[in-house]
Amino acid sequence: MNAMLIRPVRDFLNQTIAVACLALTLVPSVWAWSDHASLVWPLLRSQPELIHQTVAAEPLDAFLIAEQEGIARTLAAVESWSVATMEHYPPTPGDLRWGTDHPPTAERFFAATRVNPMLPYRLYVDLSPERAQPEQAPLSWSELSFLGGGSSQLAARYWAVEPGQPVSIAEVIASANDEPDFGMDIGLFEDNGTDFGQRYGFGIQPFGNPNLEYSSQAPFHMGFYHLDWLTRTAQPALQRTYPLWRIGLFGELAELAFTTGHDYWGWRFLGWGLHYVGDLTQPYHAIPLPGVGTADALWSVVQGKTGELVQLVSNRHGVIESYQYQRLTRALEAQQWSAPLLEAIADHADNSTLEYDSFVMALTADSVEAAADFDAAIARNVPFRFVSDPSFEWTGSGFEQSIVQRVADEQGEPAIAELDAAVIVQLARFSAVASRWIARGRVTKPPSQGESQ
Ligand SMILES: [Zn+2]
């Protein structure tokens, strides 16, 4: 490939990613599926054993002290797997590794798993939409995260949990499923201005603007595993995305916790892993430019119109996440469990065993495949200025809350039906992979009648 052609493509992709990340940055309430706890709820509630069974909340420190050796073995195995499986995996620096020759502290664990150490990782629950609020005061968002928080995070919905307190498995998963968006993957790169970013070995942030707080999590929550040759050649940095690593890491920690009797941490780690699985089912998280072929991208470079193309993709991404969020939360609040949107997320019984690598490659291939139709449905059914006018900026436009009404008023009810159908396709894909992921957890059967304890 001739260098003259590669350079414009690279510039184009740089711009694209910068703008996409800018969109993520300005509106924290439109991260991915916006609210992962609500997203997974219709699925969890269809599995009574997850709702009715509880696990005793256990502080992280207690788990680390009890299982120091097991954690050392697990993390060493994950490290070898990561090096062998992921071509662009940056190995964990030797001095960060978890071993048996140091005190098993939380700080040490955060460094060994290379997460942001500024979060409290406390015991808490994100209350299910079906449970009455406890009498004590809720936790404020600032007790859970250093981020500003969107409207859903700032609403009273989080409650502290005491060590030993029973929590329903479903609530542990739902709560944990939202947690990676609390800032776990923010500031991990060398140029993010954090001391841990200097030590973690991820190098400089591969794409996005390193000065923007939220953009630094994008390489952990987006997985571009199916880039074509031209894009890989022109923009190799796009290959430095790490959700597969996070999925394997938290999946294996969950496995260890379950096998050693720390069920609470089993479900919480499984919930963390589920977050990345969910993000990857979103087409806009699996391909940089949904609905835009490489030839079209090049043509727009030639015409000097890359900025316009980037703006449209960014607007469509923002619009559909606001739309999906509004539709889903409205149905959840009304507890319309038989609404097609919520039914799409009900349980898909599937407990076939899963290999992280092929599981993630298959689900992201589906996301990429779904991207063009999804993008086209958005372009067809959302008012023109929001998704087809490159001079319009969706982010911060103030239409996030009223998007459903706008579509209904300007495009009519058939447009709502079509958009719902497009969202349902993605939600059903999410539900299928999420069911399979959750099936990795263990639900200990209560002793049956007459059986001795
Ligand atoms: Zn995410």
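## Salt bridges

A salt bridge here is a side-chain nitrogen of Lys or Arg within 4 Å of a carboxyl oxygen of Asp or Glu. Side chains of opposite charge can pair when their charged atoms come close. In this predicted model, the count by this rule is 16 salt bridges. One of them joins Asp 126 and Arg 157, whose closest N and O atoms are 2.7 Å apart. Asp 126 belongs to strand E2 (residues 124-126), while Arg 157 sits in the loop between helix H7 (151-154) and strand E3 (158-160), so the bridge ties together parts 31 residues apart in sequence. Asp 126 has a relative accessible area of 3% and is therefore buried. Arg 157, with a relative accessible area of 13%, is buried as well.

A second bridge pairs Glu 255 with Arg 442, again with 2.7 Å between the closest N and O atoms. Here distant parts of the chain are linked: Glu 255 is in helix H12 (residues 243-259) and Arg 442 in the segment after helix H20 (413-438), 187 residues apart. Glu 255 is partly exposed, at a relative accessible area of 25%. Arg 442 is also partly exposed, at 33% relative accessibility. The side chains of Asp 375 and Arg 316 form a further salt bridge, at 2.8 Å from N to O. Asp 375 lies in helix H17 and Arg 316 in helix H15 (residues 306-333), so this pair connects parts 59 residues apart in sequence. Both of these residues, Asp 375 and Arg 316, are buried. Through shared partners, salt bridges also join Glu 252, Glu 255, Arg 440 and Arg 442 into one network.

## Overall make-up

The protein chain contains 20 helices and 4 strands. It has 453 residues, of which 58% count as buried. Among contacts between residues at least 6 apart in sequence, 79% join residues at least 24 apart.

## Zinc site

Which residues coordinate the zinc ion? The donors are Asp 181 (OD), His 221 (ND1), His 275 (NE2) and Asp 279 (OD), at 2.0 to 2.8 Å. Along the sequence these donor residues follow the spacing D-x39-H-x53-H-x3-D.

The angles among the 4 donor atoms run from 83 to 179°, and the site is irregular. Asp 181 is buried, at 1% relative accessibility. His 275 is likewise buried, with a relative accessible area of 0%.

## Helix H15

Helix H15 has 28 residues, which at 1.5 Å a residue should span 40 Å; the end C-alpha atoms are 41 Å apart, in agreement with that expectation. H15 is mostly covered, with 23 of its 28 residues buried. Just after this helix, Gln 335 adopts a positive phi of about 50°.

## Ser 367 in helix H17

Ser 367 is located in helix H17 (residues 356-381). Is Ser 367 buried or exposed? Its relative accessibility is 0%, so Ser 367 counts as buried.

A polar atom of the Ser 367 side chain lies 3.5 Å from the backbone oxygen of Thr 281. Leaving aside residues up to four places away in sequence, Ser 367 touches Leu 280, Thr 281, Gln 282, Pro 283, Ala 286 and Arg 429.

Most residues other than glycine have a negative phi. Arg 114 is not a glycine, yet has a positive phi of about 50°. Arg 114 is in the loop between helix H6 (106-113) and E2. With 0% relative accessibility, Arg 114 counts as buried.

Tyr 121 lies in the loop between H6 and E2. The phi of Tyr 121 is near 45°, a positive value in a residue other than glycine. At 6% relative accessibility, Tyr 121 counts as buried, because the cut-off for buried is under 20%.

Definitions and conventions: Residues numbered from 1 in each chain as written. Predicted model: local features only at pLDDT ≥ 70, side-chain atom pairs only at ≥ 80, totals over all residues. Heavy atoms only, no water. Helix = DSSP H or I, 4+ residues; strand = E, 2+ residues; numbered from the N terminus. Buried < 20%, exposed > 50% of the residue type's maximum accessible area, 1.4 Å probe, protein only. Polar contact = N/O pair within 3.5 Å; in protein donor to acceptor, adjacent residues only side chain to side chain. Contact = heavy atoms within 4.5 Å. Expected span 1.5 Å × (residues − 1). Donors = N, O, S within 2.8 Å, 3.2 Å for Na, K, Ca; no water. Tetrahedral: all angles 85-135°; square planar, octahedral: opposite > 155°, others 65-115°.
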